[in-house]
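Subject: Structure for you to look at

Dear colleague,

Here is the structure I promised. Please open it beside this note; my findings follow below.

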Amino acid sequence: MIDRNDPCWCKSGQKWKKCHYPKEPIQTTGELNSTLARTYRKKYGILLKTPEQIAGIRAAGNLAAQILEKTCQMAKAGVTTNQLNAFAEKLHQEAGAIPACLGYGDPPFPKSICTSLNEVVCHGIPDDKPLIEGDILNIDITSILQGYYGDCSRMVVIGKTTEEKQRVVDVSYECLMRAIAILKPGVLVSQIGDVIEDYAAKHGCSVVNLFVAHGVGVDFHEPPQVPHHRNQIHIPLVEGMTFTIEPMINAGIRTTIVDYDDGWTARTADKKPSAQWEHTLLITSNGCEILTPWVK
Ligand code: MF3
Ligand code: CO
Ligand code: CO
């Protein structure tokens with residue numbers, strides 16, 4: 001822990017209390033005070049996590065996944081998304097955690113979870129409309145536990161749905177799992193978009209490019225951006241990176257429009273269905289670990 005009278009971490013030569021106080025130094029101690037960690041921080045703004053940080057993010061991710069599964073089990077015809085929101089809020093409270101979505105961004109997100117129905121791509125706001133047979137719903141939950149973030153989402157199909165809706169649900173799940181399957185040190189961020197775009201196109205679906213996945217762990221949205229569409233981000237993955245993959249896959253065109261009035265709800269321009277699944281991931285020495293282990 002840095003003392004107020006210590007030299008500032010920014011190397012200005014001034015005391016911390018006269019300089020960046022109370023902003024604390026980004027932790028780069030232990031094994032990760034390495035050339036690689038410094039390079040990733042400087043070159044890309046990416047924070048490689050210490051074992052202590054990883055343990056914290058793992059705990060937050062486990063909690064987010066548990067709350068997500070319980071909330072999904074509640075999603076049935078006749079239930080409102082506001083009821084799901086209240087339930088998830090209560091589970092956070094009981095666990096001593098904070099739902100990261102509440103009050104996030106500008107305008108401040110008004111609820112604790114995102115509930116994105118049918119043609120809503122992401123960032124749907126819970127409301128009082130009951131779910132009905134045939135709906136496809138994404139529930140997205142980010143939990144803050146002891147300052148660490150875990151971010152995940154999954155789809156729920158209400159009863160039986162149409163062939164088109166079921167297809168986006170299945171294709172987006174496959175896109176996520178196929179992307180996860182290639183993760184290991186040395187793989188480029190751009191290869192994630194290649195895998196997802198190839199699979200979606202092969203199944204007649206499009207990949208949303210207005211929103212991307214992201215670093216996560218000590219903050220909600222950290223560098224790098226991780227696009228799901230084809231891209232030129234040639235950053236090699238390295239051990240200790242934590243980020244999400246959360247492909248948004250549309251049955252029709254990829255074009256997505258954010259609601260002008262609420263500033264959040266993102267819908268497909270052609271009103272055709274969209275689906276999304278999300279995990280928080282850690283790059284390990286030879287692959288990856290899923291830090292939000294919900295099961296389908
Ligand atoms: N959880 C979303 C993501 O996957 C972000 C939601 S931001 C909110 O990154 F404000 F809408 F909650
Ligand atoms: Co996310
Ligand atoms: Co999310």
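Strand 14 and strand 15 are joined by a hairpin through four residues. Strand 14 covers residues 279-283, and strand 15 covers residues 288-290. The two pair in the antiparallel sense over three bridges. Leucine 281 has isoleucine 290 as its bridge partner in strand 15. Here two strands pair if DSSP finds at least two bridges between them. Helices (H or I, at least four residues) and strands (E, at least two) are DSSP runs, numbered from the N terminus.

Two points on conventions. The model is predicted: local features need pLDDT of at least 70, side-chain atom pairs count only at pLDDT 80 or more, and totals for chains, interfaces and linings use all residues. Residues are numbered from 1 along each chain as its sequence is written, while chains are lettered from A and ligands numbered from 1 in the order in which they are written.

Strand 14 also has a partner in strand 9 (residues 242-245). Four bridges join them, and they run antiparallel. Threonine 280 in strand 14 is the bridge partner of threonine 244. Strand 14 is mostly covered, with five of its five residues buried. Buried means 20 or more other C-beta atoms within 10 Å of the residue's own; exposed means 12 or fewer, and partly exposed lies in between, with C-beta atoms placed from the backbone. His279, Leu281 and Ile283 point one way from the strand, and Thr280 and Leu282 the other way.

Threonine 292 lies in the segment after strand 15. Threonine 292 counts as buried because it has 28 C-beta neighbours inside 10 Å. Leaving out residues up to four places away in sequence, threonine 292 touches Gly61, Ala64, Ala65, Gly150, Cys152, His279 and Thr280. Contact means C-beta atoms, placed from the backbone, within 7 Å. Arginine 267 is 25 residues from threonine 292 in sequence and 26 Å from it in space, C-alpha to C-alpha.

Next, the core. The largest nonpolar core has 74 residues. Such a core is a set of buried Ala, Val, Leu, Ile, Met, Phe, Trp, Tyr and Cys residues joined through C-beta atoms within 7 Å. Ala64, Leu68, Ile141, Cys175, Ile196, Ala200 and Ile249 touch the most other members. Helix 2 (residues 51-74) gives the most to this core, with seven residues. Isoleucine 141 is in contact with Ala64, Ile67, Leu68, Thr71, Ala88, Ile113, Cys152 and Ser153, leaving aside neighbours within four places in sequence.

Helix 2 has 24 residues, which should span 34 Å at 1.5 Å a residue; its end C-alpha atoms are 35 Å apart, which agrees. The expected span is 1.5 Å times one less than the number of residues. Its buried residues include Gly56, Gly61, Ala64, Leu68 and Thr71. The buried residues of helix 2 pack against helix 3 (81-95), strand 4 (136-145), strand 5 (148-157), strand 9 and strand 14. Helix 4 (residues 163-181) has 19 residues and reaches 27 Å from its first C-alpha to its last, close to the 27 Å expected. Among its buried residues are Val168, Val171, Cys175 and Ala179.

An open sheet of three strands has the order 6-10-13, with antiparallel pairing. Strand 6 (206-207) and strand 13 (274-276) stand at the edges with a single partner strand each, so one side of each has no neighbour in the sheet. Strand 10 (residues 248-250) pairs with strand 13 over three bridges. Asparagine 250 stands opposite serine 274.

What surrounds ligand 1? The shell is Cys101, Tyr104, Gly105, Phe109, Cys114, His123, Asp140, Thr142, Asp151, Glu246, Trp264 and Glu278. A residue is near a molecule if its C-beta atom, placed from the backbone, lies within 6 Å of it. The shell divides into five nonpolar, three polar and four charged residues. Ala, Val, Leu, Ile, Met, Phe, Trp, Tyr, Cys and Pro count as nonpolar, Asp, Glu, Lys and Arg as charged, and the others, Gly among them, as polar.

Last, the backbone. A cis peptide bond joins aspartate 106 and proline 107, with omega about 0°. Another cis bond joins proline 223 and proline 224, with omega about 5°. Asparagine 118 has a positive phi, near 55°.

Best wishes

Terms used:
Contact = placed C-beta atoms within 7 Å.
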